[in-house]
Amino acid sequence: MNNRRRKRELKSTYINVAPLVEVMLVLIIIFMITVPVLNVGVPVDLPKTKAAALNDTKTKPIVISIDKESKIFIEEAEIDLDDLIQKLPMILENGKSDTVYVRGDKDIPYGKIMEIMGIISSTGACKVSLISEADSSKPNPRKKGRG
C-alpha cells in the first residue's frame with residue numbers, strides 16, 4: 001500500500017510543459033505578425049541626411065506622409081488636405097500626443113511640405129519634425145591644400 005502511494009506522488013510532481021509550449025508558440029506567431037505592421041507602410045523615398053537620430057519616444061508620434069504624387073497620408077490612411085485640417089486636432093486630442101512627424105518624398109516641391117507643416121502647426125501640434133533617411137555613404141576625404 002505504501003508503494004502505491006509513492007507512485008501516485010511521483011506522477012503528480014511532473015510539470016506538464018505542453019501548455020507552456022503552446023502559449024509560447026502563439027506569442028511568437030503574434031509577434032511575427034505585428035512587427036511588420038508597426039512600420040508605416042506608405043512608400044516614400046525619403047531624402048538622405050547626416051543628421052542625428054531623435055530620441056523622443058515618450059509618446060507615440062503621429063506620422064503624416066506625403067508621396068511623390070502629393071497624396072497625404074495619416075499613418076497609412078489617405079486623407080485630403082481639407083480633411084487633414086478638420087481631423088488632425090481631434091487626432092491630436094484623442095492620441096494624447098503633441099508630436100507629428102512628416103515624411104515627405106524627396107521629389108515633391110519644398111513649398112508643398114512647408115504648406116502641410118504650417119497646417120499641422122496651426123492645428124495644435126507642439127512639435128513638428130521632418131523625417132529623413134540616414135546617409136550611409138562614406139564622406140569624401142577633404143583634399144589638403146598646398147603648402
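How many helices and strands does the protein have? In this predicted model, the protein has 4 helices and 7 strands. Along the sequence these elements follow the pattern α-α-β-β-β-β-α-β-α-β-β. Of the 147 residues, 23% count as buried. The protein exposes about 11900 Å², and carbon and sulfur atoms supply 57% of that area. Among contacts with a separation of 6 or more, 71% are made by residues 24 or more positions apart.

Strand E2 spans residues 62-66 and is mostly covered, with 5 of its 5 residues buried. In a regular strand the side chains alternate between the two faces of the sheet. In E2, Ile-62, Ile-64 and Ile-66 point one way, while Val-63 and Ser-65 point the other way. Val-63, which is placed in strand E2, counts as buried because its relative accessibility is 9%, and the cut-off for a buried residue is under 20%.

Two pairings of E2 can be described. With strand E5 (residues 99-104), E2 pairs in the parallel sense over 5 bridges. Within this pairing, Ser-65 has Arg-103 as its bridge partner, and Ile-64 stands opposite Val-102. Arg-103 also lies 7.2 Å from Val-63, C-alpha to C-alpha, although 40 residues separate the two in sequence. With strand E3 (residues 72-74), E2 pairs in the antiparallel sense over 3 bridges. Here Ile-66 has Ile-72 as its bridge partner.

The hairpin of E2 and E3 has 5 residues between the strands. Ser-70 lies in this loop and has a positive phi of about 65 degrees, although it is not a glycine. Most residues other than glycine have a negative phi. Ser-70 counts as partly exposed because its relative accessibility is 28%. A second case is Glu-75, located in the loop between E3 and strand E4 (77-79). Glu-75 is likewise a residue other than glycine with a positive phi, in this case near 55 degrees. At 27% relative accessibility, Glu-75 counts as partly exposed.

Strand E5 has 6 of its 6 residues buried, so E5 is largely enclosed by the rest of the structure. Its side chains are divided between two directions: Thr-99, Tyr-101 and Arg-103 point one way, and Val-100, Val-102 and Gly-104 point the other way. Besides its pairing with E2, E5 is joined by 4 bridges to strand E6 (residues 127-130), and these two strands run parallel. In this pairing Thr-99 stands opposite Lys-127 of E6.

The largest nonpolar core contains 18 residues, of which Ile-64, Leu-84, Val-100 and Ile-120 touch the most other members. At least two residues of this core come from each of E2, E3, helix H3 (81-95), E5 and helix H4 (110-122). The contribution of H4 is the greatest, at 5 residues. Leaving aside residues up to four places away in sequence, Ile-120 touches Ile-64, Leu-88, Val-100, Val-102, Ala-125 and Val-128. Two of these contacts, Ile-64 and Val-100, are also among the core residues that touch the most other members.

Helix H4 has 13 residues, which at 1.5 Å a residue should span 18 Å. The end C-alpha atoms of H4 are 18 Å apart, in agreement with that expectation. Its buried residues are Ile-113, Ile-116, Met-117, Ile-119 and Ile-120. Viewed down the axis of H4, these residues fall within an arc of 160 degrees, so they line one face of the helix. The face turned away from this buried side carries the exposed residues Tyr-110 and Ser-122. Just after H4, Gly-124 takes a positive phi of about 115 degrees.

Key. Residues numbered from 1 in each chain as written. Predicted model: local features only at pLDDT ≥ 70, side-chain atom pairs only at ≥ 80, totals over all residues. Heavy atoms only, no water. Buried < 20%, exposed > 50% of the residue type's maximum accessible area, 1.4 Å probe, protein only. Pairing = 2+ DSSP bridges. Core = buried A, V, L, I, M, F, W, Y, C linked by side-chain atoms within 4.5 Å. Contact = heavy atoms within 4.5 Å. Expected span 1.5 Å × (residues − 1). Arc of directions from axis to C-beta. Areas by Shrake-Rupley, 256 points an atom, 1.4 Å probe, with all protein chains shown as cover.
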